[in-house]
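These are my notebook entries on one structure, written down in the order in which I looked things up.

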Amino acid sequence: MQIDKLRGKELDQLFRAILSLQDVEECYEFFDDLCTINEIQSLAQRLEVARMLQHGHTYHKIETETGASTATISRVKRCLNFGNDSYQMTLERVREQEKQEKQQ
């Protein structure tokens, strides 16, 4: 994992802080304080690119709908194909949560 180079006390603290958030509103507040608007948009864009790639959308459609560069799309695709499967895991969990919310 590339992130292993950064592994340590500070990154552990960041991840624990994120894991301590209890709902979407707390996420909005925390990330508003933590990141710039552009950083937040980039993170959200990458996740949407991953979702669209999983659904078989073309680079052109993804580029048009998300504004992501082909370099970003390629990087996300590389992670989908050769990464830690975290995009798949989190997107599947989000789909399950949305399904459960609709049933309630």
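Which residues does threonine 72 touch, if those up to four places away in sequence are not counted? I looked this up in a predicted model, and I found that threonine 72 touches Gln45 and Arg46. I then noted that threonine 72 is found in helix 5, which covers residues 70-82.

Next I turned to helix 3 (residues 37-54) and helix 6 (residues 86-103), whose axes come within 10 Å and cross at roughly 85 degrees. An angle of 65 to 115 degrees counts as roughly perpendicular, so I wrote down helix 3 as roughly perpendicular to helix 6. On the side of helix 3 I listed Arg46, Leu47, Ala50, Arg51 and Gln54, which meet Tyr87, Gln88, Thr90, Leu91 and Arg95 in helix 6. When I sorted the residues of this contact by class, they divided into four nonpolar, three polar and three charged.

My last entry concerns the largest pocket, in which about 2700 Å³ of space lies. I noted that 42 residues line this pocket, and that Ile18, Phe31, Leu43, Leu47 and Thr90 lie nearest its centre. Helix 1 (9-20), helix 2 (24-34), helix 3, helix 5 and helix 6 each supply at least two residues of the lining, while the largest share, nine residues, comes from helix 6. By class, I recorded 22 nonpolar, seven polar and 13 charged residues in the lining of the largest pocket.

Methods: Residues are numbered from 1 along each chain as its sequence is written. This is a predicted model: local features need pLDDT of at least 70, side-chain atom pairs count only at pLDDT 80 or more; totals for chains, interfaces and linings use all residues. Side-chain values use heavy atoms; hydrogens and water are left out. Axes are lines fitted to C-alpha atoms, for helices over the stretch in contact, and angles run from 0 to 180 degrees between N-to-C directions. Helices (H or I, at least four residues) and strands (E, at least two) are DSSP runs, numbered from the N terminus. Angles under 35 degrees count as roughly parallel, over 145 as roughly antiparallel, 65 to 115 as roughly perpendicular and the rest as oblique. Contact means heavy atoms within 4.5 Å. Ala, Val, Leu, Ile, Met, Phe, Trp, Tyr, Cys and Pro count as nonpolar, Asp, Glu, Lys and Arg as charged, and the others, Gly among them, as polar. On a 1 Å grid over the protein atoms alone, a cavity is a set of points where a 1.4 Å probe fits but cannot get out, and a pocket is an open set with protein on both sides within 12 Å along at least five of seven lines; lining residues have an atom within 4 Å of a point. Grid points are joined across faces, edges and corners, and a volume is the space filled by probe spheres set on the points.
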